[in-house]
Amino acid sequence: MTQELSMEVNGIRRTVEVAGDEVLLDTLRDRLYLTGTKRGCDEGECGACTVIVDGAPVHSCIFPALAAEGAEVRTVEGLAGSAGRLNPLQRAFVDQAAVQCGFCTPGFLMTLTALLETNSSASDCEVDDAIAGNICRCTGYTAIRAAVRSLVREGGA
């Protein structure tokens with residue numbers, strides 16, 4: 001049995017039919033074809049599937065799709081500006097070489113976007129707390145932290 005789900009995704013009102021037990025990750029990837037959000041653990045442990053729902057980062061692999069009814073959902077596809085220009089956080093990731101394989105990057109970007117939108121001068125400790133739910137097996141987190149520090153230092157958050 002399916003139900004209608006209406007939500008705003010990256011600034012566009014979208015209405016889709018979803019199964020009652022469907023998670024937001026599947027809706028985004030399989031129905032809306034927003035494949036930047038990655039499937040990792042399917043248990044809310046790795047952070048690869050992180051999106052922002054009504055201003056808060058959520059693990060979309062365990063977030064019921066129907067819980068997004070009427071919500072504002074932002075995915076990594078919604079971060080870039082006009083003509084695909086990288087936003088300041090994305091640019092900082094590139095400049096600081098905070099991307100290696102890239103699989104975890106969308107989740108980190110969304111987690112850190114949510115943090116910086118509420119705390120544009122986040123301390124290293126606050127950044128570490130925010131990304132505690134995101135796993136990266138390539139970078140060792142040093143470059144990711146450096147990207148955020150450079151952005152906060154420049155006041156571009």
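**Close-up 1. Cys-61 and its cysteine neighbour Cys-49.** The sulfur of Cys-61 sits 3.7 Å from the closest cysteine sulfur, that of Cys-49, which is too far for a bond. To count as a disulfide, two cysteine sulfurs have to be within 2.5 Å. Keep in mind that you're looking at a predicted model. Is Cys-61 buried or exposed? With a relative accessibility of 7%, Cys-61 counts as buried.

**Close-up 2. Cys-104 and Cys-136.** How many disulfides turn up when the whole structure is searched? The answer is zero. Cys-104 is in no disulfide either, and the nearest cysteine sulfur, in Cys-136, lies 3.7 Å away. Cys-104 has a relative accessibility of 12%, so it counts as buried.

**Close-up 3. Where helix α2 meets helix α3.** Here you see α2 (residues 88-95) and α3 (residues 105-118), whose axes come within 10 Å and cross at roughly 130°. That makes the two helices, α2 and α3, oblique to each other. Their crossing, α2 over against α3, is right-handed. Which residues do the touching? From α2 come Leu-89, Gln-90 and Phe-93, and they meet Thr-105, Phe-108, Leu-109, Leu-112, Thr-113 and Leu-116 of α3. Sort the residues of this α2 and α3 contact by class and you get six nonpolar, three polar and no charged.

**Close-up 4. Helix α3 alongside helix α5.** The axes of α3 and α5 (residues 142-154) are 12 Å apart, and the helices pack at an angle of about 30°. So α3 and α5 run roughly parallel to each other. The crossing of α3 with α5 is right-handed. On the α3 side, look for Phe-108, Leu-112 and Leu-116; on the α5 side, their partners are Ile-144, Val-148, Leu-151 and Val-152. What kinds of residue make up this contact of α3 with α5? Seven are nonpolar, with no polar and no charged residues.

**Close-up 5. Helix α2 against helix α5.** The axes of α2 and α5 come within 8 Å, crossing at roughly 130°. That angle makes α2 and α5 oblique to each other, and their crossing is right-handed. By class, the contact of α2 with α5 has eight nonpolar residues, one polar and no charged.

Notes
Residues numbered from 1 in each chain as written. Predicted model: local features only at pLDDT ≥ 70, side-chain atom pairs only at ≥ 80, totals over all residues. Heavy atoms only, no water. Buried < 20%, exposed > 50% of the residue type's maximum accessible area, 1.4 Å probe, protein only. Axes fitted to C-alpha atoms, helices over the stretch in contact; angles between N-to-C directions. Helix = DSSP H or I, 4+ residues; strand = E, 2+ residues; numbered from the N terminus. Parallel < 35°, antiparallel > 145°, perpendicular 65-115°, else oblique. Left-handed = near helix turned anticlockwise from the far one by under 90°. Contact = heavy atoms within 4.5 Å. Nonpolar A, V, L, I, M, F, W, Y, C, P; charged D, E, K, R; others polar.
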